[in-house]
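Reader: I am new to this structure. Please show me how to read a few of its features.

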Amino acid sequence: MKRLALLIAPLLCFAAGTPSPVESAVDLARGAPGEFARAYVIAHEVGHHVQNLLGITDKAAQAEQSAGRTGANHVSVEVELQADCFAGVWAAQANQARKILEPGDLESGLTAASAVGDDTL
């Protein structure tokens with residue numbers, strides 16, 4: 001658990017002052033397999049927080065309202081993929097700075113990434 005705290009500390013510091021997204025991310029991450037996967041899930045949820053801060057969430061909601069059902073689903077998928085991208089950027093930077101990845105971590109992270117937004121976690 002100490003390693004997980006080290007992995008997500010930068011995320012928690014970034015999101016300081018906005019505990020709700022972080023708390024819900026921690027709750028969601030509890031079902032992820034492995035420390036890196038749990039940290040990745042949290043990074044994905046913090047990615048959604050970044051989207052909100054940048055106004056992307058509001059723009060996506062407007063786009064979903066003006067699009068048909070298929071278009072709205074496409075926008076939703078793009079929002080999720082961007083949050084995955086943000087989480088991947090965090091993972092690459094954290095690994096470059098601290099060499100946090102261990103054998104099997106990428107696989108567990110990919111498993112977690114495919115389950116985020118799904119009822120699996």
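Reader: How many Å should the 30 residues of α5 span, and how far apart are its end C-alpha atoms?

Author: This is a predicted model. Take 1.5 Å a residue: α5 should span 44 Å. Its end C-alpha atoms are 43 Å apart, which agrees.

Reader: Which residues of α5 are buried?

Author: Buried means under 20% relative accessible area. In α5, that group includes Ala 72, Val 75, Trp 90 and Asp 84.

Reader: What is the nearest side chain of opposite charge to Asp 84?

Author: Arg 38, and it is 16 Å away. Asp 84 has no salt bridge, yet it is buried.

Reader: Which residues is Asp 84 in contact with, leaving aside its neighbours within four places in sequence?

Author: Tyr 40, His 44 and Ala 113. Ala 113 belongs to the buried residues of helix α6, which runs over residues 105-115.

Reader: Which other residues of α6 are buried?

Author: Asp 105, Ser 108, Gly 109, Ala 112 and Ala 115.

Reader: Is Lys 99 buried or exposed?

Author: Exposed, because its relative accessibility is 62%. The cut-off for exposed is over 50%.

How values were computed
Residues numbered from 1 in each chain as written. Predicted model: local features only at pLDDT ≥ 70, side-chain atom pairs only at ≥ 80, totals over all residues. Heavy atoms only, no water. Buried < 20%, exposed > 50% of the residue type's maximum accessible area, 1.4 Å probe, protein only. Helix = DSSP H or I, 4+ residues; strand = E, 2+ residues; numbered from the N terminus. Lys, Arg positive; Asp, Glu negative; His and termini not counted. Salt bridge = Lys/Arg side-chain N within 4 Å of Asp/Glu carboxyl O. Contact = heavy atoms within 4.5 Å. Expected span 1.5 Å × (residues − 1).
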